[in-house]
Amino acid sequence: MTTLAMRWSQRSPRAFLVLAVLLWWGLYQTLIPLSEGLVAALPVTRESHLGGALQFFFYDTPKVLLLLTGIVFVMGMINSYFTPERTRALLAGRSEGLANVMAASLGIVTPFCSCSAVPLFIGFVQAGVPLGVTFSFLIAAPMVNEVALTLLFGMFGWKVAMLYLGLGLSVAIVAGWIIGRLKMEAHLEDWVRDMPRTNARFTATAMSLSERIDAGFHSVREIVGKVWPYILAGIAIGAGIHGYVPEDFMASFMGKEAWWSVPLAVVIGVPMYTNAAGVIPIVQALLAKGAALGTVLAFMMSVIALSLPEMVILRKVLKIRLIATFIGVVASGILIVGYLFNWVL
Amino acid sequence: MKDIKVLGTGCANCKTTIALIEQVAKAKDISVSVQKVEELKDIMSYGVMSTPGVVIDGQVVHAGGIPSRDRIEQWLSA
């Protein structure tokens, strides 16, 4: 079926997009009646704990997967406009300030896999992108991504997703700006500093709409194909907790009253290494048991944005002091976000 | 014989790329020498920013992500 859809999308890409949107919307509308119908067909009462849990699972699983497929597809198409080379050309030679904002925003739409972080870092610095601006990009790119945002939106609503977007961007912008202010260029490894400057000139290769649709399919296969087991696990945990575990189970030690819970969440989060999808089941479990939202988001951000394996690779291009500064600045940013959330909500 | 280099710091995608190239070469019965380039300095000297990258006879033909089977076939038969 996919191959059929792909072949058709190449012949008449516009018609394909319109129909795909309609189909998606139609599917999305049938989710609630479908899940209620499924539960009604099973030999459990809707009002029981099990009935509630099942309805939650049958509704949330297709909903989140559908949302994710749609958004990842669109992002795949958008990504095809923003290659790392183009982003670099946009940022090269700019002075700090506004460029940090640009870099953090471009971090969301520029496709890149975490194992490319270091080559990308060198490539940016080599082309004359200021160090702080490069860091803004490097912090935002993994932390604020479409998977994290979609999952937050699907499970906790758009307000939480927007807050995460806004605060994640702020952390990236401010942390990059501070690192730039500290003038730490001397703490790059010598071979990186001594590399010949490259030109950031960039010539776009023209891409047709059907090629961009292809790119969308590709990222759906790549991303949704990889993360769906985590999502299933997350929703299953959520459904399991739905009505069973007392809601304030975690509140005593991860609630708002425990001031030390935010730093603790960050300290636990940094050595952990997983992607946005992997951390969602944990987030789901913590929140459902009464942990405070700020604490949980701080945990999520530190898991995704700061990871030990990444530091080990970064060590090849940064001297210890710069790595320590990087971790320190980003972790403080996340701490502030955690406290802010707990205080506002 | 084509001289192929795969640039990457040793992540899963890089290994998949190498395996895929070898597979296609075998299926089409084309002799190739596939080398891994894992040292950062060497990767950067090709001007590649996103890995895995593919270099054929000294020419960068691909960067960022696992190349599709069709593209590999094109490179090998070119």
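**Where the chains meet**

Analyst: This is a predicted model. Across the interface of chain B and chain A there is 1 residue pair in polar contact, with both residues at pLDDT 80 or more.
User: How many salt bridges between chain B and chain A?
Analyst: The count is 0.
User: Which element gives the largest share of chain B's side?
Analyst: Helix α2 of chain B, residues 40–45. It supplies 3 residues to the side that touches chain A.
User: What kinds of residues make up that side of chain B?
Analyst: They divide into 6 nonpolar, 4 polar and 1 charged.
User: And how many residues are in contact?
Analyst: 11 residues of chain B contact 18 residues of chain A.
User: What area is buried between the two chains?
Analyst: About 1300 Å². Carbon and sulfur atoms give 68% of that.
User: Which residues of chain B lose the most area to chain A?
Analyst: B:Leu40, B:Met44 and B:Met49. Together they account for 52% of what chain B's side buries.
User: New topic. What's the strand order in the sheet of chain B?
Analyst: β2-β1-β3-β4, an open sheet of 4 strands with mixed pairing.
User: Which strands are at the edges?
Analyst: β2 (32–37) and β4 (59–63) of chain B. Each pairs on one side only.
User: How do β3 and β4 of chain B run, parallel or antiparallel?
Analyst: Antiparallel, joined by 4 bridges. In that region, B:Val55 stands opposite B:Val60 in β4(B).
User: Which strands does helix α3 of chain B touch?
Analyst: Helix α3 (residues 69–77) packs on the sheet and touches β1, β2, β3 and β4 of chain B. Its direction makes about 175° with that of β4(B).

Terms used:
Residues numbered from 1 in each chain as written. Chains lettered and ligands numbered in written order. Predicted model: local features only at pLDDT ≥ 70, side-chain atom pairs only at ≥ 80, totals over all residues. Heavy atoms only, no water. Pairing = 2+ DSSP bridges. Helix = DSSP H or I, 4+ residues; strand = E, 2+ residues; numbered from the N terminus. Contact = heavy atoms within 4.5 Å. Axes fitted to C-alpha atoms, helices over the stretch in contact; angles between N-to-C directions. Buried area = accessible area lost by both parts, 1.4 Å probe. Salt bridge = Lys/Arg side-chain N within 4 Å of Asp/Glu carboxyl O. Polar contact = N/O pair within 3.5 Å; in protein donor to acceptor, adjacent residues only side chain to side chain. Nonpolar A, V, L, I, M, F, W, Y, C, P; charged D, E, K, R; others polar.
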